[in-house]
Amino acid sequence: MTDTGLPASVEAIRRLREDPHRLGHRAHGPGEPAVGTGQGATGPADKRILVGYGFWIYLLSDIIIFACFFAAFAVQRGATAGGPVITDIVDVQRVGFETAALLLSSYTCMLSFAATNARNKLWTLIFLLLTGLLGLMFVLLELWEFIELSDRGFTPQRSAMLTSFYGLVGLHGLHVTLGGVWLATMMAQVFIKGFRREIIHRLICFNLFWHALDIVWIGIFTIVYLMGVR
């Protein structure tokens, strides 16, 4: 018997199913499939794997949407209609704070799932809260940027370049905002229901979503802001 009260063989299978680094690996010896991967005699894939694959398909579709907005900005970059160019709207210091907040939130998000794997509710909630606060800081800084640009007359209607700029950066900000709402609901579920299997599946999907937003922002930070300054 293990500390969880389960037989050793059952505990080993449970840990194998929950460890993403073991998915698709051999369970014991050569030719033996890993439990719950849908290989051979083990039967259908575990629901955790199906949920993860399904969410990856959603993320890929989202990446395609962002790629279209990136392409639109690249094409319209010089279409200023006599208005401001990209160097006129970039505030490197503010964008640096935005980037630091979002990247740090990715780190705390990872720590929250490490706490989830350890089944530590307190630290899971603490790290999720920190992730949400950093995400909120990012959204507020971005909103401040949009308001300041609008006050200067740099609105989306001013030129095609500004339209594509607001579209790309605003789309990412909308995703972060919706991710914050999702995070709040997950915190409530963890607090009330604990670490049920379906809740852990949702936390896995949330982590994938949040880290994907960080990757997209690195592209925006590099292509829109850093290259804009240059």
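Helix H4 passes helix H7 in a left-handed crossing; left-handed means that the near helix is turned anticlockwise from the far one by less than a right angle. The model is predicted, so local features need pLDDT of at least 70 and side-chain atom pairs pLDDT 80 or more, while totals for chains, interfaces and linings use all residues. Residues are numbered from 1 along each chain as its sequence is written, and side-chain values use heavy atoms, without hydrogens or water.

H4 spans residues 92-117 and H7 residues 197-229. Helices are DSSP runs (H or I, at least four residues), numbered from the N terminus. The axes of H4 and H7 come within 10 Å and cross at roughly 160°. H4 is therefore roughly antiparallel to H7 (over 145 degrees). Axes are lines fitted to C-alpha atoms over the stretch in contact, and angles run from 0 to 180 degrees between N-to-C directions. The contact of H4 with H7 holds 18 nonpolar, six polar and two charged residues.

H5 and H6 pack at about 155°, with axes 9 Å apart. H5 is therefore roughly antiparallel to H6. Their crossing is left-handed. The contact of H5 with H6 divides into 15 nonpolar, nine polar and three charged residues.

The largest nonpolar core has 46 residues. Such a core joins buried nonpolar residues (Ala, Val, Leu, Ile, Met, Phe, Trp, Tyr and Cys) through side-chain atoms within 4.5 Å; buried means under 20% relative accessible area (1.4 Å probe, protein chains only). H7 supplies the largest share of this core, 16 residues. Trp217, Ile220 and Tyr225 are among the members that touch the most others.

Methods:
Helix = DSSP H or I, 4+ residues; strand = E, 2+ residues; numbered from the N terminus. Parallel < 35°, antiparallel > 145°, perpendicular 65-115°, else oblique. Nonpolar A, V, L, I, M, F, W, Y, C, P; charged D, E, K, R; others polar. Buried < 20%, exposed > 50% of the residue type's maximum accessible area, 1.4 Å probe, protein only.
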